[in-house]
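These are my notebook entries on one structure. I list what I looked up, with the cut-offs I used.

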Amino acid sequence: AWQPSLQKFACNYCKAQFEIETPDYLAKAAALKNDEVYNLSGKTVSVGLSKAVDKENVGIVTYQCPNCGATISFSTQDAWSSIKCEWCRSEISAENVVPNGYNPDLVVRFEVAKEQAQANVAEFINRRRWLVSKKFLREFKAADIRPVYVPQMMIDVNANQSIQGLGGVLLNMYTETYESDDGKSTYSVTYYDYDVYQWERHFVLGINDLTLGANEALSQQSKTSTNNVIDVVKPFDTSKAVPYQHQYLQGGYRSERRTLDVDDVTPDVQKIAIDMGYSQVQPTLNYDHGVRYDNATMEVNGIRYAAVLCPIWLYSYYEYDSKGNFKRQHYCVVNGQTGKTIGSMPINVTAQIGWSIAGAVAMFVLLFFVFPFGGVDIDIKWILGLSVAVFAAIAYFTYTAVRNTDKHNDYVRNTENEM
């Protein structure tokens, strides 16, 4: 099995260490990871994204969980007693076998050992323990963290982009004072004089190793599953990817099945590429009174797709309501390469409301009792309104601190791109 701490394979019985790299093996990886994106021409789709394989493929078998529907691939050499769904921890039987779909081209290997992943998740939860459900804290077991490879598409792009818009240059700023209609007060208005210019940028954009999720269930937003955190632990350093071998799924390592094809992710690639174009253009726009983007077009010169498995350590937890009905599935995830940790947990509603009320009361006391002593008289409506706003703000921030529903991967910042 693969040993992250050794960065080698090791026999579970005699502890002998070995590697499977060969010149041909490394040459295959180099061809798929060629960073010269500006030389790309046409559309290249790797073997791992075009050739289907049957369920008896090279020592790998895939099963579908009868409970949550996840598809789990692993080595046939693993003992049957260890077969359990990594997403909901339900038992999987031999009757649940399904075709495993496709062989990936590359794999980003685990570098974070299980002990470190367990410590990362435990620390992540501990920092939020005052806001987390007490039932979750009682039932959390670090030993239930499992290694899983998630399928990704690695995409390189060479494209011509054109972006047009308007920009303002400030000429003068001045303030005029006016009398109110009733003549009892005055008010001021600031005016700006500025020129408006039309601008255009035409350039070649290169994108290297954009990674997008290739499993539909894990990529879609869900009200009953916090799978957004799986995307948040990116980026992965795909420059370290090596050609896929089935030995990487031995010794308890699992992988999800790829369910998306190239055409399924093309709209996302185009949107992200345009956003990257905006990001590259912005520093070249020297307008001091605002910029407006009106139009963006892109013509792809060359694009390359490859299939890659990326490593995560996964902890899953089922949340139920007071009547015992399923409410939500939570995930805590550790990037198996970098150790970046993120997660979602059931919130302690009592604690959330308590902190929110405390903040609102503190604001009310400050405005109603303290400020008047300083000669500041505030209308009671403003006091109540600000207190309610503080209550809502604390409730929101405590919720997001535990659930992380607002977190998403920033592809523009986390992917190598330049013009």
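The model is predicted: local features need pLDDT of at least 70, side-chain atom pairs count only at pLDDT 80 or more, and totals for chains, interfaces and linings use all residues. Residues are numbered from 1 along each chain as its sequence is written, and side-chain values use heavy atoms, with hydrogens and water left out.

My search ran on a 1 Å grid over the protein atoms alone; a pocket is an open set of points where a 1.4 Å probe fits, with protein on both sides within 12 Å along at least five of seven lines.

I then took the lining (residues with an atom within 4 Å of a point). It holds 29 residues, and Leu212, Ser219, Asp231, Asp268 and Tyr411 lie nearest the centre of the pocket. Two or more lining residues come from each of β9 (146-179), β10 (186-213), α4 (216-219), α5 (228-232), α6 (262-281) and α9 (411-414). Helix α6 gives the largest share, six residues. Helices here are DSSP runs of H or I with at least four residues, strands are runs of E with at least two, and both are numbered from the N terminus.

By type I get eleven nonpolar, ten polar and eight charged lining residues. I counted Ala, Val, Leu, Ile, Met, Phe, Trp, Tyr, Cys and Pro as nonpolar, Asp, Glu, Lys and Arg as charged, and the others, Gly among them, as polar.

**Whole protein.** I count nine helices and 16 strands. Of the 419 residues, 45% are buried, where buried is under 20% relative accessible area, exposed over 50% and partly exposed in between (1.4 Å probe, protein chains only). Among contacts (heavy atoms within 4.5 Å) with a separation of 6 or more, 78% join residues 24 or more positions apart.

**Helix α2.** I checked the length of α2 (residues 114-126): its 13 residues should span 18 Å at 1.5 Å a residue, and the end C-alpha atoms are 18 Å apart, which agrees. The expected span is 1.5 Å times one less than the number of residues. Which residues of α2 are buried? They are Ala117, Gln118, Asn120, Val121, Phe124 and Ile125.

**Single residues.** Arg328 sits in strand β14 and counts as buried at 17% relative accessibility. Beyond four places in sequence, I find Arg328 in contact with Lys223, Thr224, Ser225, Thr226, Tyr317, Tyr318, Glu319 and Arg403.

Thr405 is in the loop between α8 (380-403) and α9, partly exposed at 33%. Not counting residues up to four places away, Thr405 touches Asn228, Tyr399 and Thr400. I also noted Val229, 176 residues from Thr405 in sequence but 8.1 Å away, C-alpha to C-alpha.

**Backbone.** I find a cis peptide bond from Lys234 to Pro235, with omega near 15°; Pro235 lies in the loop between α5 and β11 (242-243). Asp209, in strand β10, has a positive phi near 60° although it is not glycine. At 11% relative accessibility, Asp209 counts as buried.
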